[in-house]
Amino acid sequence: MNRYISVILFSIITLFTIIPSSFAQDKCELTINRSLDPLTKILNANQYDKLAPILAQIEQSCGTIELVQRIKIVHLIIAKQSSGNAIERYLDNGFDEQLLNRFADAAREDFAYQYESNKLQYNYVPLRHPIDQLIKTRAKALLQSQSYTLSDAEIDILNLFSNEELLRNQASSVKQTVPEKQEHAVKEEQEETLALADYYNKSKIGFLPYIGVYGPLGGKNTTFGPNLSLGFTIMSSLQKSFIFEGGFKVRINSNDKNFDYNYYDQSESVNSNFGLFFGGAVGYKIYDNTKYIVIPKLNIGIDMVDTGISEDIYTDGYYDGYGDYISGGNSTKLHTVNTMHLGLSMAGMRQIKGKNYIGIEAGYHYTPYQWDHNLLSNIYNHYGSIELFFRF
């Protein structure tokens, strides 16, 4: 019994450790997370007059960071305003080296792992974020435009922003032919386009149907055997590290035995047709390269087991306090065994296309059925599950 209590306490402590930590992120990180989508939309729509309040809010929370200064310089050049002081401050802060490192890390295959390992190094702006591509596009357009007379400092900084500086450094160390350079540029453009698509795909809420098997882990002569499990949940965006999920799952009890239930002080031998779980899960992505994602989860909710007993409840009509007559009626009351449901699971997902994933989830479930005082039989508490699911 002490072991079971320890499991419950451990699960509850873990739950109340994980959830607050997700909301206790640094103020700067929260501000950046809230600002990236609006900034991306503003730059994409060339609505530069809306930039100032968002950039000011970021600076208030984070101080002077590279992304804000990069956007300010591009805006000044587009508006044909003096950009010399802004460029000088950018270089004095070493943001040029920071940006080169960002481009180099974004080109790595494990870019997602690099970012998750040290978010602060990248000012909480994910590598290969669409905003980088938008600024590159604006910088390249300014360099090619005949409408602007650019200073040498502006040409140099725009070359940096468009990633030309990194390409030149690579070319100096590895001699490339013109076709090879062109191939490299095309490949880079394709990667950036895919990164943009991945960003928007992962920012969507997901809908997940489940199908699998749910059954006891160990135990002898258990009331419930292995049974078919079906479910449907809604999952939060895959863009964040913490994942939240909520919904329901149904167990079709085809392999079960009778158990005794207290029905108005009478012991009734009953048989369950189904079990229900209503609740949610909080998970944390421990691996994400977009194509493959691994998420351990802590699940908590309410577990209900059908007893097969129902009764009709009748109510008489009556007059309310305002003299209006309220008609009576009848409803059906189902008698169920109700308890808490705690679980730990591991989900692995593989991308099919866009926001669509297929995955497998294996889990452990603890359901202390004896918490329901109407249950007279001793029902086993430890269960395992393995489920196939789709995310669309």
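The legends below describe several close-up views of one predicted model.

Local features are reported at pLDDT of at least 70 and side-chain atom pairs at pLDDT 80 or more, whereas totals for chains, interfaces and linings use all residues. Residues are numbered from 1 along each chain as its sequence is written, and side-chain values use heavy atoms, with hydrogens and water left out.

**View 1**
The structure holds one disulfide. A disulfide is a covalent bond between the sulfur atoms of two cysteines; here the term is applied to a pair of cysteine sulfur atoms within 2.5 Å. The sulfur atoms of Cys-28 and Cys-62 are 2.1 Å apart. Cys-28 belongs to helix α2 (residues 27-44) and Cys-62 to helix α3 (residues 51-62), so the bond ties together parts that are 34 residues apart in sequence. Helices are DSSP runs of H or I with at least four residues, strands are DSSP runs of E with at least two, and both are numbered from the N terminus. The torsion about the S-S bond of Cys-28 and Cys-62 is about 110°, and the disulfide is therefore right-handed. Both cysteines, Cys-28 and Cys-62, are buried. Buried means under 20% relative accessible area, exposed means over 50%, and partly exposed lies in between (1.4 Å probe, protein chains only).

**View 2. Strand β8 and its partners.**
Two strands pair if DSSP finds at least two bridges between them. Strand β8 (residues 292-315) is joined to strand β11 (residues 329-353) by 22 bridges, and the two run antiparallel. Within this pairing, Ile-300 stands opposite Leu-342 in β11. Strand β6 (residues 274-284) is also antiparallel to β8, with nine bridges between them; Gly-283 has Lys-297 in β8 as its bridge partner. Strand β7 (residues 287-288) is joined to β8 by two bridges, again in antiparallel fashion, and Asp-288 stands opposite Ile-293 in β8. β7 and β8 form a hairpin with three residues between them, and Thr-290 in the turn has a positive phi of about 75°.

**View 3. Asp-303 within strand β8.**
Asp-303 lies in strand β8. Its relative accessible area is 0%, so Asp-303 is buried. The side chains of Asp-303 and His-341 are joined by a polar contact of 2.8 Å. A polar contact is a pair of N or O atoms within 3.5 Å; within protein, one must be able to donate a hydrogen and the other to accept it, and residues adjacent in sequence count only if both atoms are side-chain atoms. Leaving aside neighbours within four places in sequence, the residues in contact with Asp-303 include Arg-251, Leu-276, Phe-277, Thr-367 and Tyr-369. Contact means heavy atoms within 4.5 Å.

**View 4. The hairpin of β4 and β5.**
Strand β4 (residues 259-263) and strand β5 (residues 266-270) run antiparallel and are joined by five bridges. Tyr-261 has Glu-268 in β5 as its bridge partner. The two strands, β4 and β5, form a hairpin with two residues between them, and Tyr-264 in the turn has a positive phi of about 50°. Tyr-264 is exposed, with a relative accessible area of 54%, whereas Tyr-263 is partly exposed at 21%.

**View 5. Aromatic rings around Tyr-214.**
Rings of Phe, Tyr and Trp (its six-membered ring) pair if their centres lie within 6.5 Å; planes under 30 degrees apart count as stacked, over 60 as edge-to-face and the rest as tilted. By this rule the count comes to 14 aromatic pairs. The ring centres of Tyr-214 and Tyr-383 are 5.4 Å apart and the planes lie at 15°, so this pair is stacked. Tyr-214 in strand β1 (residues 206-216) and Tyr-383 in strand β13 (residues 382-391) are 169 residues apart, and the pair links distant parts of the chain. Tyr-214 is buried at 7% relative accessibility, and Tyr-383 is buried at 1%. One aromatic cluster is formed by Tyr-214, Phe-224, Phe-259, Tyr-369, Tyr-380 and Tyr-383. The charged end of Arg-251 sits over the ring of Tyr-214, 4.7 Å from its centre. A charge sits over a ring if NZ of Lys or CZ of Arg is within 6 Å of the ring centre and within 35 degrees of the ring normal.
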